[in-house]
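Open the model in your viewer and keep the sequence panel beside it. The stops below say what to select and what is there.

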Amino acid sequence: MSNPVRVLAHGWYGAGNVGDELLLRVLTQWCEEASAQVSVLSVNPGHTRDVHGLEAVDASDYPSVARLMIDSDLFVLGGGGLFQTHYSFTVPTLYSYGPGDVASYARPALMARQMGVPSLMWAQGVGPLRGAQARAVVRDVYSGAEFASVRDAVSAELLREIGVDSEIVVAPDPVWALPVVDHGVIQGGKRRLGLVMRPWDAAPGWEDRFVESLRATVDADAFRLVWIPFQSGEAAGSTSDLPFLRGLAARLDGYEHEFLDLHALDSAAVAIASCERLVCMRLHAQILAFKLDRPILCVEYDPKMERASQHVAMPSTGRIKPASPQDTWNRSLAELMSGDDLKADQDRVAEAATGALAHRQVLHGAIVHARARAKRDWCDRDFDWMGTWSAAWLHSLIADRDDTIASLHEEIGQRDSSLAQIRDVVAQQQTELAGLEQSLEQAQAECLAQRPLRERVDALTQAIEESDRARISLCHELSRRSLAVENLTGRVALLRGEKQAAERAREAADIALAKTSNELQHVTTSLSWRITHPIRFARALVVLPMPERKQLVYSALRSAFWSLPKPLRDRFDQIRQKVGSRRARRSALAARSTSNAWVEMAASHAKIAIVPSAFEFDELANQRPINLAKYLAKKGYLVVFAAWQWSRQEQLTKSETMVFPGIWQVDLYSLIDHAAALGQRKDNESVFFLTLPAPELVELHQQLRRKGLAVVYDILDEWEAFNAVGQAPWFSAEHECEAVLAADAVTAVSPPLVAKFERLRSDMHVIGNGYTAATLGVDNKFCTSAVDRTAVQPCIGYFGHLTDAWFDWEIVLGAARQMPDFKFEIIGYGTPEWVDRAASELPNLVLVGKVPPSELSQYARHWHVGLAPFRPGPLAVAIDPIKVYEYMYLGLPTVCTGIPHLAQLPGVAVVEGLEAFVRACRDKARAPVDYDSLERCLVDTTWEARFDRMMNVLDTTDLRGLYVA
């Protein structure tokens, strides 16, 4: 015919997907049979022109698409699985014509409708469609099409479900009807096992099971592995299967590998035919294998592959899901390798090929309809006037902009002319300057004759400069001291205000006390009080603790003695004196129960440091106060290490002993009782490190400052959050604010702790936690570098406290359930009973118990990943876990939850939620470790580096020198 019907086709064409390119080949052949000419909207027009020899334009190039559409007689969308929500499907994509998501397939259909071009929805697989918007868009597109066909009944049922009531033809995929020539299996050498695989993240770990089953069932001496990529990734945004296939092959050493190139479309069937048997994870590779009658194992990652297998009565042992367990993979592959039973029913294959021709009939019918239609006349009924007017308005704005640009170019030309004139003036002035320089040289020659005078002038100039520098230095010092005075004045005013408020409160308390005293006197002098006194006395003897009971009896006897007549008092006086002497001796002994030996030791040392701690000293414990004490002792300090007591009666095991060279441990109450006896310091280096904002310790700061000690508040944790979960019962927000305001320097282990108090002061410093190589073992640095990151069962570990107040057991147990191919080793103490029960049901999770720090490396050297799983919340977000730095020293990548600021450390992934946690564990276990980045970070995170910085912060503060004598 002289005027062939012009067909414009659109689909996932040009992306290098063999299945879609085969569909375009079939579409083109069937159009040519009906004397129709095909043009293509492609994601890569160059690839489409090279492979198919067809006119093609970029599918996101609006002007080119509109030009082809307005010249076309029929628009064909398909085939393949275009409309589905496996990937993003959003309505906003319809309103722009750049590269978009799945919804972009609807745009040309909407354009065809407006331009009056009939549409054919051809040979598509529809679904799944999740969400009302996606369903509404697909319903609108299909309802507006004159013709439609789908490749399975499920797609047709879905279209009916969403409201499409027009006629829909159901037939097998058109590739079933593609003529295929069997060129035969390549002979000579090893037998050929074809592998058509694809990435699939919906079933994590399936690749490991696939590789393991190949090793278990395929004889490397008999078979060559032929890798066939059905997605070559020709277009931007389209990935290639080849890197994934090469990654699988890299894990199969000992096998011969061959990678085929399918850039020539006819080579797809040749590649499939060249193999004796195949494992297929692509629909159209599966169809070609069925047509070529090859034994095949179908890896059915999508329902479309399941339906293809069912259509040709494929044996159940030749079908497998990616998520199938290891024994199913082994059994299915073994069956494929052992015989030729896993084949399609060829009668059913022929039936599918015949059935697929229904798509040709629909296509030919649409072409006949397009040819018979009268020539389109202009009609404004469905014309997009608003769009046309908007475009015209936009072109007008562009024209105005072009006029402005031309005007600016003219102005630039005028300025260039002015600049040339200025350059002429500058050249003239440079000539004059050259003359002046010559005159200056003559003057300098004359000055040489007066050299003695010049040397005197130089000396005076130098003296003036030195005087200026001294004056500037004095000004800076004066400014610094003025600022210090202003700060002190402000603090004095604040203290005066607090004093006045305290005096007012005391006056109010005195008034209330006087009123209460009067009421008490009235009660105690009443008749009822005297009558009930024996009853109250007897009750007190029953309910009071023994010390208070003894004190009550003693007071009652003493009152009774002095109420006796004098003759009786004289008679019992010797007994009274004996009882009084015994009580006095007991009181004196109690007063001496807290030792002041540390005060005497401090007097003989050049400098001292007081370091409170929640624990007794343990040289091997990697706690911040303990490491600070050891650091200070090595710097020549006498360290008074004050261990926490919950009461005065609590007995500690190491008190009043030299627990480490230069470190003397005392009880908390020994520090409190005898701080006033400490001699005045003269050294300008002694310091009180406030590591716990307990009221008993905070209230020491004024007393110790008067003794000449600087005060540093080192914020170790979010104490308020700890108190909220039943820890740190001594916490007082008022006392912590006092510690922040009163300290000479404030340091904190994390940025959130600094942010919490920035309303009080702005000169706080973040100094994180660290590690000590000696504690972990000098030879254990990067000891995990020898682990095999391709191991069949990688190991994930943790060491530390295990309370469920902050340890996220739910996410760890959930990960262990989802990752049966990984082993979890949990080291530590404090495991809740419910966790013990849950762990007993997980064979891949081991609760090791408590392990000494020196032995941690024996476990960790076999780990692939370290964990820091903290419950999200105010407690976790502010901490800086020491274990993360220990993991880094051992060479472990870390997966963490709840602590965002750790993401800045090398090798640390901070995630939220179980799915992200599992994904990060898998990624970190397999990825290579960047030891160079770890090394750079470890240099700055030793305890010595951390405390060097802390002491430098203290040395640069302006307050310390104002009160140290």
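In β24, which residue is the bridge partner of isoleucine 826? Select leucine 847: that is the partner. This is a predicted model, in which local features need pLDDT of at least 70, side-chain atom pairs count only at pLDDT 80 or more, and totals for chains, interfaces and linings use all residues. Residues are numbered from 1 along each chain as its sequence is written, and side-chain values use heavy atoms, with hydrogens and water left out.

Strands (E, at least two residues) and helices (H or I, at least four) are DSSP runs, numbered from the N terminus. Strands pair if DSSP finds at least two bridges between them.

Next, select β23, residues 823-829.

Between them the chain passes through helix α29 (residues 833-839), in a right-handed β-α-β crossover; right-handed means that, with the strands pointing away from the viewer, the path from the first strand over the helix to the second runs clockwise.

Now select β22 (residues 795-801), which pairs with β23 in the parallel sense over 7 bridges. Isoleucine 796 stands opposite phenylalanine 824 in β23. With helix α28 (residues 809-818), β22 and β23 make a right-handed β-α-β unit.

Last, select β16 (657-660), an edge strand. β16 pairs with β17 (residues 663-667) in the antiparallel sense over 3 bridges, and phenylalanine 660 stands opposite isoleucine 663 in β17.

Notes. Buried means under 20% relative accessible area, exposed over 50%, partly exposed in between (1.4 Å probe, protein chains only).
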